[in-house]
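Please read them with the sequence and the coordinates side by side.

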Amino acid sequence: MGKTTSQRILEIYELANQHFGDAKFVGIKYDEFDGWVAKIKFHKGSPNGSLSARDAEARVALEKLKNRMLKVIERYNLT
């Protein structure tokens, strides 16, 4: 059995706290035009601001968000 949506969101939240300091919001919502939108918003003063990803499936949108965050971590050497 795979991970639940809640487990994926917590994993993204913990990864953000580990590398960026503190995340203000991590979540997912359904948009009539874009499908599922996964978003992470950082506290004021963070150079990143927010990241988001969209897909027809919630699971894939969360995976895309995590991958996007990992690219930022790699690019700026935030390990």
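1. Of the 79 residues of the protein, 33% are buried, where buried means under 20% relative accessible area, exposed means over 50% and partly exposed lies in between, computed with a 1.4 Å probe and protein chains only. The model is a predicted one, in which local features need pLDDT of at least 70 and side-chain atom pairs count only at pLDDT 80 or more, while totals for chains, interfaces and linings use all residues. Residues are numbered from 1 along each chain as its sequence is written, and side-chain values use heavy atoms, with hydrogens and water left out.

2. On overall dimensions, the radius of gyration of the protein is 12 Å, which agrees with the value near 12 Å that a compact globule of 79 residues would have; this radius is taken over C-alpha atoms, and the globule rule is 2.2 Å times the number of residues to the power 0.38. The C-alpha trace spans about 30 × 30 × 20 Å along its principal axes.

3. Among contacts with a separation of 6 or more, 32% come from residues 24 or more positions apart, a contact being heavy atoms within 4.5 Å.

4. The protein has 2 helices and 3 strands, and from the N terminus on these elements run α-β-β-β-α. Helices (H or I, at least four residues) and strands (E, at least two) are DSSP runs numbered from the N terminus.

5. Strand 1 (residues 23-31) and strand 2 (residues 35-42) run antiparallel and are joined by 8 bridges, and the two form a hairpin with 3 residues between them; strands are said to pair if DSSP finds at least two bridges between them. Within this pairing, Phe25 stands opposite Lys41 of strand 2, and Tyr30 has Trp36 of strand 2 as its bridge partner.

6. Strand 2 also pairs with strand 3 (residues 50-55), again in the antiparallel sense, over 6 bridges. Here Val37 has Arg54 of strand 3 as its bridge partner, and Lys41, which Phe25 faces in the pairing described above, has Ser50 of strand 3 as its partner.

7. Which residues of strand 3 lie on its covered face, and which on its uncovered one? Leu51, Ala53 and Asp55 make up the covered face, whereas Ser50, Ser52 and Arg54 make up the uncovered one. In a regular strand the side chains alternate between the two faces of the sheet.

8. Lys24 belongs to strand 1 and counts as exposed, because its relative accessibility is 55%. Leaving aside residues up to four places away in sequence, Lys24 touches Lys41, Phe42 and His43. The C-alpha atoms of Lys24 and Lys44 are 8.9 Å apart in space, although the two residues are 20 apart in sequence.

9. Glu63 is found in helix 2 (residues 58-75) and is partly exposed, with a relative accessible area of 31%. Its C-alpha atom is separated by 9.0 Å from that of Ala38, a residue 25 positions away along the chain.
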